[in-house]
Amino acid sequence: MTTTRNTSQTEDASCEGRRRGRPRARSDEETRTIIYEAARREFAARGYAATNMESVARAAGVSTKTLYRLIPNKAALFEAMITERIDRFASVVRLRACEGRDIETGLRNALLVCGELILAPDVISLQRVILSESDKFPDIAETFFRKAITPTQETLASWLRTQAKRGLLVIDDPDGAAGMLLGMLALQPQRAVLFGHAPPPTREELERRVAACARLFLRGCGASTRHPEAP
């Protein structure tokens, strides 16, 4: 009897040890983040047509059953991947809101985040895929425009609108101003990278461009540069 009881206690202790050592189950949110990163790599490397849910599941290290439970199909995965990237960008812009009255520093910070997004290697790679395959898959171009281009401009416009309400900027059309600012900031280097003419700008190069754009913009829209009689 004693031997049986001791054996049972040992087995119970062993099972308890295994339970304590079991790794924490990953949440669905964490799994989605891993899937989106894998999808970005797969779409960039393979293109839209050649990427499938099975290859993304393998790259993410999850089962296809798990992937389909969280995301129903490739089109939904493509859209969710873009949305997640833009949501992260928008949260950073909100966190870097202008403090105090230093509008130039605040604008530089906001534009730097925009430039880092627009000129990021993964975003450039995704745009190459869209440009090369949008004839066959027009929905991917529409998705990128709705879920990436438009929200990026809207995020910057919202930031500009907030500064105008604080009296730091004089802007009649924040949405139009945001579009012009983004064009001045990123259009030329973006096209150079897309067409293989130049590598993405370094952090130092981007910061110099951001500073120049902020100065030019504030000469026209900064509240301190306006005279009372100015329209």
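Modeller: The model is predicted, with local features needing pLDDT of at least 70 and side-chain atom pairs pLDDT 80 or more, while totals for chains, interfaces and linings use all residues. Residues are numbered from 1 along each chain as its sequence is written, and side-chain values use heavy atoms, leaving out hydrogens and water.

Biologist: What is the angle between the planes of F43 and Y48?

Modeller: Rings of Phe, Tyr and Trp (its six-membered ring) pair if their centres lie within 6.5 Å; planes under 30 degrees apart are stacked, over 60 edge-to-face and the rest tilted. The count is four aromatic pairs. F43 and Y48 form a stacked pair, 5.6 Å centre to centre, with an angle of 10°.

Biologist: How many residues apart in sequence are the parts that F43 and F78 tie together?

Modeller: F43 and F78 pair edge-to-face, at 5.3 Å centre to centre and 90° between the planes. F43 lies in helix α2 (residues 28-46) and F78 in helix α5 (residues 74-95), so the pair ties together parts whose separation in sequence is 35 residues.

Biologist: Is F43 buried or exposed?

Modeller: Buried means under 20% relative accessible area, exposed over 50%, and partly exposed in between (1.4 Å probe, protein chains only). F43 has a relative accessible area of 0%, so F43 is buried.

Definitions and conventions
Helix = DSSP H or I, 4+ residues; strand = E, 2+ residues; numbered from the N terminus.
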